[in-house]
Amino acid sequence: MSDSPVIKTMRVVPIAGYDSMLLNIGGAHNCYFTRILVILTDSAGRTGVGESPCHASTLALLERFRPQIEGSELLRLNATIATLFASDARHQQTAHTDDIHIPQMNPEKFYNATAAIEAALLDLLGQHLNLPVAELLASGKQRDRVPVLGYLFYIADRNLTSMNYQAGHAGGDAWLQLRHEKAMDAEGVVRLAEAAADRYGFRDFKLKGGVHHGEVEVETVNALLARFPQARVTVDPNASWSLDEAIYYGKQLAGRIPYLEDPCGAEHGYSGRETLAEFRRATGIPVATNMIANDWRQLQHALQLNAIDIPLADPHFWTMRNAHTVAQLCHEWGLTTGCHSNNHFDVSLAMVAHLGAAAPGDRLTAFDTHWIWQDGQQLTQHAPQIRDGYLELPEGPGLGITLNMERVEAAHALYNSLPDKNRNDALGMQFLIDNWSFNAKRPAMLR
Ligand SMILES: O=C([O-])[C@@H](O)[C@@H](O)[C@H](O)[C@@H](O)C(=O)[O-]
Ligand SMILES: [Mg+2]
């Protein structure tokens, strides 16, 4: 038919890495985090790769998609991805049948699976055309480096658990040590920020809230602002504050923070989109979200309500190309482009770098990345670098990365050895508070 390379094999590799005891509304990060690599080979002998969050249902979906990918023509990437989306629609209609061979469709997992495949196809296409993936996204490459923020967490004392949290390396870089040590108050978080700024040059910080009482988290933001008066500092309580609390804390922070992220959510019969719209009107503070505008339909409602300013379109939630379309929409409609993250390896870091590099316009807020917590665990020959507060676009065609297969196999073996493979932040938290369980409206330490 055409001269297109053909996808020969799709390997789906669940992998695991190590994490610190980071706190959030969902509890404490496990000592392990899991991801999926999708590794494609084509008839030209090239290898393309994509990464996504890991869940058993995502793995099942990827297996289900294998026949659509293997044997497909690389240059017909649009048609291939469209087929996956068509299968999503078909699936939702049949989700209530008794066919146990069809996994129940979960839109989030569908997007995770599709995002990893799409990234791997884009990587191959870029290599075929000798162009970086950023050039393949509709706006083309706009910049060579993307501002990223220092994502700060309160850290629980790993010594209170019997879990396999790693210790830092004494005597080396302060960040590589401190990221494993307890940091439960403003002073501890400021020390973390100093170490992260020294290593990565950050000028933007985000505190993961939803852990302590709101007063304590505002105090931590104030301490960060006092230590870094020129920095942009914000907090994300993951909608654990009530609307009243969000307005109260928001008024204390107004004028000193660039935006608040998901300060409140659904309550008393009102949706998160409605309460965020009220929050914005009451405080004038721009709102970022990764909780209530994660697909086109949610985004449409959020924008109709004037609920948000910064949709944090994560390429793993949207796919790289859809997240880029959100960035175009932000540019054209006067919104700000941003990007959410979870713990990830360096393949995702490269995906985020290309997405940010192609985002049009200059209303770009520093992108999230959890990479600083995983730095040193790279699966590629040369991980993309964060320097001077910017994530640098890797050089070379495609995603610009080459897998280190020895490391990939080791991360796969680690995954296979884990008893609990899906994310469950309640486990670690139960070492801190007996019988702890998740409550979307209560910061994790308040039980
Ligand atoms: O890593 C975490 O604990 C975060 O809470 C993550 O799970 C969230 O998805 C995210 O970073 C957020 O911005 O809400
Ligand atoms: Mg968030």
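Between which two elements does the loop that holds Asn238 lie? Asn238 sits in the loop between β9 (232-236) and α8 (243-253), where helices (H or I, at least four residues) and strands (E, at least two) are DSSP runs, numbered from the N terminus.

1. Basis of the note. This is a predicted model, in which local features need pLDDT of at least 70, side-chain atom pairs count only at pLDDT 80 or more, and totals for chains, interfaces and linings use all residues. Residues are numbered from 1 along each chain as its sequence is written, chains are lettered from A and ligands numbered from 1 in the order in which they are written, and side-chain values use heavy atoms, with hydrogens and water left out.

2. The surroundings of ligand 1. Ligand 1 is surrounded by 14 residues, of which the closest are His29, Tyr151, Asn238, His340 and His370; a residue is near a molecule if one of its heavy atoms lies within 4 Å of it. By type, this shell divides into two nonpolar, eight polar and four charged residues, where Ala, Val, Leu, Ile, Met, Phe, Trp, Tyr, Cys and Pro count as nonpolar, Asp, Glu, Lys and Arg as charged, and the others, Gly among them, as polar.

3. Polar contacts of ligand 1. A polar contact is a pair of N or O atoms within 3.5 Å; within protein, one must be able to donate a hydrogen and the other to accept it, and residues adjacent in sequence count only if both atoms are side-chain atoms. An N or O atom in the side chain of Asp236 is 3.0 Å from an oxygen atom of ligand 1, a polar side-chain atom of Glu261 is 3.0 Å from an oxygen atom of the ligand, and for a polar side-chain atom of Asn342 the distance to a ligand oxygen atom is 3.0 Å. Of the 340 Å² of accessible area that ligand 1 has on its own, the protein covers 93%, with areas taken from the Shrake-Rupley method with a 1.4 Å probe and, for residues, only the protein chains shown counting as cover.

4. Asn435, in the segment after α16 (426-432), has a positive phi near 55°. Is each of them buried or exposed? Asn238 counts as buried because its relative accessibility is 12%, whereas Asn435 counts as exposed because its value is 73%; buried means under 20% relative accessible area, exposed over 50%, and partly exposed in between (1.4 Å probe, protein chains only).

5. The largest nonpolar core. A nonpolar core is a set of buried Ala, Val, Leu, Ile, Met, Phe, Trp, Tyr and Cys residues joined through side-chain atoms within 4.5 Å. The largest one has 148 residues, and those that touch the most other members are Leu37, Leu40, Ile117, Trp175, Phe205, Phe279 and Ile308. Helix α3 (residues 107-129) gives the largest share of this core, eleven residues. Leaving aside neighbours within four places in sequence, Phe205 is in contact (heavy atoms within 4.5 Å) with residues including Leu149, Phe228 and Val233.

6. Buried residues in helices. Gly126 is found in helix α3 and counts as buried because its relative accessibility is 0%; beyond four places in sequence, Gly126 is in contact with Leu131, Leu136, Pro397 and Gly398. Val352 belongs to helix α13 (residues 346-358) and is buried at 5%. The C-alpha atoms of Val352 and Thr369 are 8.5 Å apart in space, although these residues are 17 residues apart in sequence.

7. Buried residues in loops. Ile155 lies in the loop between β7 (150-152) and α5 (174-178) and is buried, with a relative accessible area of 0%. Ile155 and Lys182 are 27 residues apart in sequence, yet 5.0 Å separate their C-alpha atoms. Gly210, in the loop between β8 (204-208) and α7 (214-227), counts as buried at 0% relative accessibility. Not counting residues up to four places away in sequence, Gly210 touches several residues, among them Asp236, whose side chain has an N or O atom 3.0 Å from an oxygen atom of ligand 1.
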